[in-house]
Amino acid sequence: MIAETVCSAVAAAGLGIAAVTAYRKRFLAATRIAAYSLVPLGLVMTGVVDWLADTAFSPTAWAGFGVLGLSWVLFSTTRAVERRRGGTRKERRAAARGARQEAVAPTASAPSLGPAARTPATRPAGKTGATGSAADDFSDIEAILKKHGI
């Protein structure tokens, strides 16, 4: 009963302020003030204020809000854990299968080391063995240094 009276008084005061604002030729501001002042009156007339008052003093309603809050916390926690792990169980299994299949090509006989790798066939014929590969590396370095004029 008190809430309805307060809301009605707020609406009446707001409409009074809107009238004064309109008298000062500020019609846009007066319309906005009138709109805001009619909101509490509309809430009283629709029964929302009664519902809020009943809810605020009801232990069952507060327990319901607690259950909803707990549900939200559990849902948020599971979503955060799922993001850290990388998706659902189905998605993780599919990713693991895909990674196993992509690890080695079915027709590959030896691992490919990329275009920079040298095979024994591409080395010069005169240099073989362990000393040949070290000399080969130094000859590459010498070629680079000569190219830059060092």
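Modeller: Begin with a definition: a salt bridge is a side-chain nitrogen of Lys or Arg within 4 Å of a carboxyl oxygen of Asp or Glu. Keep in mind that this is a predicted model.

Colleague: How many salt bridges does a search of the whole structure find?

Modeller: The search finds one. Arg79 and Glu82 form a salt bridge, and their closest N and O atoms are 3.1 Å apart.

Colleague: Where do Glu82 and Arg79 sit in relation to each other?

Modeller: Both are in helix H4, which covers residues 59-85. They are three residues apart there, so about one helical turn separates them.

Colleague: What does the protein chain as a whole consist of?

Modeller: The protein chain has six helices and zero strands. Along the sequence, the pattern reads α-α-α-α-α-α. Of its 150 residues, 11% are buried. The accessible surface is about 12,600 Å², and carbon and sulfur atoms hold 66% of that.

Colleague: How do I describe two helices that pack together?

Modeller: Two packed helices are described by the angle between their axes and by the distance between the axes. Take helix H1 (residues 2-23) and helix H2 (residues 27-46): their axes come within 8 Å and cross at roughly 170°. Angles over 145 degrees count as roughly antiparallel, and H1 and H2 are therefore roughly antiparallel to each other.

Colleague: Which residues make the contact between H1 and H2?

Modeller: On H1 they include Glu4, Cys7, Val10, Leu15 and Ile17. On H2, Phe27, Ile33, Leu38, Pro40 and Val44 are among them. The residues of this contact divide into 16 nonpolar, four polar and one charged.

Colleague: What lies in the loop between H1 and H2?

Modeller: Lys25 is placed in that loop. Lys25 has a positive phi of about 65°, although it is not a glycine. Its relative accessible area is 64%, so Lys25 counts as exposed.

Colleague: One last number, then. What share of the contacts with a separation of 6 or more comes from residues 24 or more positions apart?

Modeller: In the protein chain, that share is 29%.

Note on methods: Residues numbered from 1 in each chain as written. Predicted model: local features only at pLDDT ≥ 70, side-chain atom pairs only at ≥ 80, totals over all residues. Heavy atoms only, no water. Axes fitted to C-alpha atoms, helices over the stretch in contact; angles between N-to-C directions. Helix = DSSP H or I, 4+ residues; strand = E, 2+ residues; numbered from the N terminus. Parallel < 35°, antiparallel > 145°, perpendicular 65-115°, else oblique. Contact = heavy atoms within 4.5 Å. Nonpolar A, V, L, I, M, F, W, Y, C, P; charged D, E, K, R; others polar. Buried < 20%, exposed > 50% of the residue type's maximum accessible area, 1.4 Å probe, protein only. Areas by Shrake-Rupley, 256 points an atom, 1.4 Å probe, with all protein chains shown as cover.
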